[in-house]
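This report covers helix packing and aromatic pairs. How is a pair of aromatic rings described? By the distance of the centres and the angle of the planes.

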Amino acid sequence: MTTVEKNALYSKVFSYLTTPLLVGLFLYGLNKKFGKTIKNWLFASFWNRAMKEYHSTMREMKKSHFDSMQSHKSADVELRKKSVLRILEIGAGPGANFEFFPKNSKLMIVEPNAFFEPMFYENQHKYPDIKMEKFIINSAEDMKEIEDNSVDVVVSTLVLCSVTSVEKSVKEVHRVLVSGGKYYYWEHVHDKAGTWLHFIQSILTPLWSFLFDGCNLNRSIDQTVLGCKVFSQVQQKRFDIPLKKGVWGMVRVHVMGQATK
Ligand SMILES: C[S@@+](CC[C@H](N)C(=O)[O-])C[C@H]1O[C@@H](n2cnc3c(N)ncnc32)[C@H](O)[C@@H]1O
Ligand SMILES: *[C@@H]1O[C@H](CO)[C@@H](O)[C@H](O)[C@H]1NC(C)=O
């Protein structure tokens, strides 16, 4: 090959390589800049619809889970006089729990997915007795906007499966609660070791987590809450939800609990 031929070949190879390289770089940049945003938007839109069946099936059980909140007294003297509770809900999504909160509650939200905010406010219109204090776009692991010992009740439903660290989140919940304050949680958990479901949940977790916004099937949330050893009292119980078909079967085992600071 002459030098001229060689140069011609090099420039040909170069031009073949640059196009896919540039397209690749462009897609990479697009994903890096907007990927999380697109995923968040997709998930927020999907979740609102997917959960209708779940919420209508669970309504009565959730009602009794949250029932003791109705007689819980605020630690704040002024709020107590007015029978008002200060509640923080983490990972509220589009707002699934308004109906369980006592009338006149003051509600703060910590939710990392900003696409849920407008859906949340739309649902909140139906509950004018709940007073919104703040909607904070952040994660449960680091709720720096919320002072120590400042809320009476913390609530999470189907959230700890998705947080980056269950332990950090539970410690943050404990930090923001007043002494005597209560954390109400309602989560799906890893079935007990030795069962088929336990095994399937373990191997399915990476794919599941990819499909469902970081949701992990293999967490023993009840054991982590106890293991943190931060609460003065923990009452919790595992139960099976009455939905068993299809994907529901994977999240059949739940825990409901109340932890007191
Ligand atoms: C499965 S949805 C549950 C929504 C709602 N609580 C319900 O019961 O329908 C999980 C929620 O947790 C939120 N989430 C994910 N990671 C979180 C984190 N690190 N801290 C707080 N919330 C988080 C998600 O954005 C989503 O709103
Ligand atoms: C759950 O599964 C994920 C992905 O396979 C793994 O990284 C993680 O350690 C598992 N968690 C537990 C508590 O077993």
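The text below takes up the aromatic pairs and then a helix contact.

The model is predicted, with local features requiring pLDDT of at least 70 and side-chain atom pairs pLDDT 80 or more, while totals for chains, interfaces and linings use all residues. Residues are numbered from 1 along each chain as written, chains are lettered from A and ligands numbered from 1 in written order, and side-chain values use heavy atoms, without hydrogens and water.

**Aromatic pairs**

The whole structure holds 13 aromatic pairs (ring centres within 6.5 Å, using the six-membered ring of Trp; planes under 30 degrees apart are stacked, over 60 edge-to-face, the rest tilted). Two of them are tabulated.

| Pair | Centre distance | Plane angle | Class |
|---|---|---|---|
| Phe120 and Phe135 | 5.3 Å | 65° | edge-to-face |
| Trp186 and Phe239 | 5.0 Å | 55° | tilted |

Phe120 belongs to helix 4 (residues 116-124) and Phe135 to strand 3 (residues 131-136), so their pair links parts 15 residues apart in sequence. Phe120 is buried at 0% relative accessible area (buried means under 20%, with a 1.4 Å probe and protein chains only), and Phe135 is buried at 12%.

**Helix contact**

The axes of helix 5 (residues 166-176) and helix 7 (residues 221-228) come within 10 Å and cross at roughly 55°. Val166, Glu167 and Val170 of helix 5 meet Thr224, Val225 and Cys228 of helix 7 (contact means heavy atoms within 4.5 Å).

Key
Axes are lines fitted to C-alpha atoms, for helices over the stretch in contact, and angles run from 0 to 180 degrees between N-to-C directions. Helices (H or I, at least four residues) and strands (E, at least two) are DSSP runs, numbered from the N terminus. Buried means under 20% relative accessible area, exposed over 50%, partly exposed in between (1.4 Å probe, protein chains only).
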